[in-house]
Amino acid sequence: MPPRISADDFMTKPPRPRRGRPSSLAPFAADLTRMRAKGYALAEQKEFLALNGVEVGVSTISMFFSRQKAKASDSGAQASAG
């Protein structure tokens, strides 16, 4: 059995940069946020994106908003902690 290492010891080295691909919705983030604030349904936002050559499902748009919200809360927590 290999020797165990604690999480604290492991975290002494910095994490690797994430390699995730950029979201195809990122260029439309401001438009989608504005549409959401005005009450447009996800299906209508999907139609807007399709007219702009971006074919995604409603669940993709929903997850995009969830990630945006999580990023905003993470950066707000970091700003208050720092």
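Visitor: Which helix does Phe48 lie in?

Guide: Phe48 sits in helix α3. Keep in mind that this is a predicted model.

Visitor: Is Phe48 buried, partly exposed or exposed?

Guide: Phe48 is partly exposed, because its relative accessibility is 23% and buried means under 20%.

Visitor: How far apart are Phe48 and Leu32?

Guide: In sequence, they are 16 residues apart. In space, the C-alpha to C-alpha distance is 9.0 Å.

Visitor: Okay, the core. Which residues make up the largest nonpolar core?

Guide: There are 10 residues in that core. They are Leu25, Phe28, Ala29, Leu32, Leu49, Val54, Val56, Ile61, Phe64 and Phe65.

Visitor: Which helices each supply at least two residues of this core?

Guide: Those are α2 and α4. The largest share comes from α4, with three residues.

Visitor: How confident is the prediction, then? What is the average pLDDT of the protein chain?

Guide: The chain averages 87. A pLDDT of at least 70 is reached by 91% of the residues.

Visitor: And which elements have the lowest and highest mean pLDDT?

Guide: Helix α4, residues 58-81, has the lowest mean, at 80. Helix α3, residues 42-51, has the highest, at 97.

Visitor: Why care about low values?

Guide: Where pLDDT is low, the predicted coordinates should not be read in detail.

Visitor: New topic. How many salt bridges does the structure hold?

Guide: One. Asp31 pairs with Arg34, and their closest N and O atoms are 3.4 Å apart.

Visitor: Where do Asp31 and Arg34 lie?

Guide: Both belong to helix α2, residues 29-37. They are three residues apart, about one turn of the helix.

Visitor: Last one, pockets. How much space lies in the largest pocket?

Guide: About 270 Å³.

Visitor: What lines the largest pocket?

Guide: The lining is Arg18, Arg21, Pro22, Ser23, Ala26, Phe64, Arg67, Gln68, Lys71 and Asp74. Phe64 is in this lining, and Phe64 is also listed in the largest nonpolar core.

Visitor: How many of the lining residues are nonpolar, polar and charged?

Guide: Three are nonpolar, two are polar and five are charged.

Key: Residues are numbered from 1 along each chain as its sequence is written. This is a predicted model: local features need pLDDT of at least 70, side-chain atom pairs count only at pLDDT 80 or more; totals for chains, interfaces and linings use all residues. Side-chain values use heavy atoms; hydrogens and water are left out. On a 1 Å grid over the protein atoms alone, a cavity is a set of points where a 1.4 Å probe fits but cannot get out, and a pocket is an open set with protein on both sides within 12 Å along at least five of seven lines; lining residues have an atom within 4 Å of a point. Grid points are joined across faces, edges and corners, and a volume is the space filled by probe spheres set on the points. Ala, Val, Leu, Ile, Met, Phe, Trp, Tyr, Cys and Pro count as nonpolar, Asp, Glu, Lys and Arg as charged, and the others, Gly among them, as polar. pLDDT is the predictor's confidence in each residue, from 0 to 100. Helices (H or I, at least four residues) and strands (E, at least two) are DSSP runs, numbered from the N terminus. A salt bridge is a side-chain nitrogen of Lys or Arg within 4 Å of a carboxyl oxygen of Asp or Glu. A nonpolar core is a set of buried Ala, Val, Leu, Ile, Met, Phe, Trp, Tyr and Cys residues joined through side-chain atoms within 4.5 Å. Buried means under 20% relative accessible area, exposed over 50%, partly exposed in between (1.4 Å probe, protein chains only).
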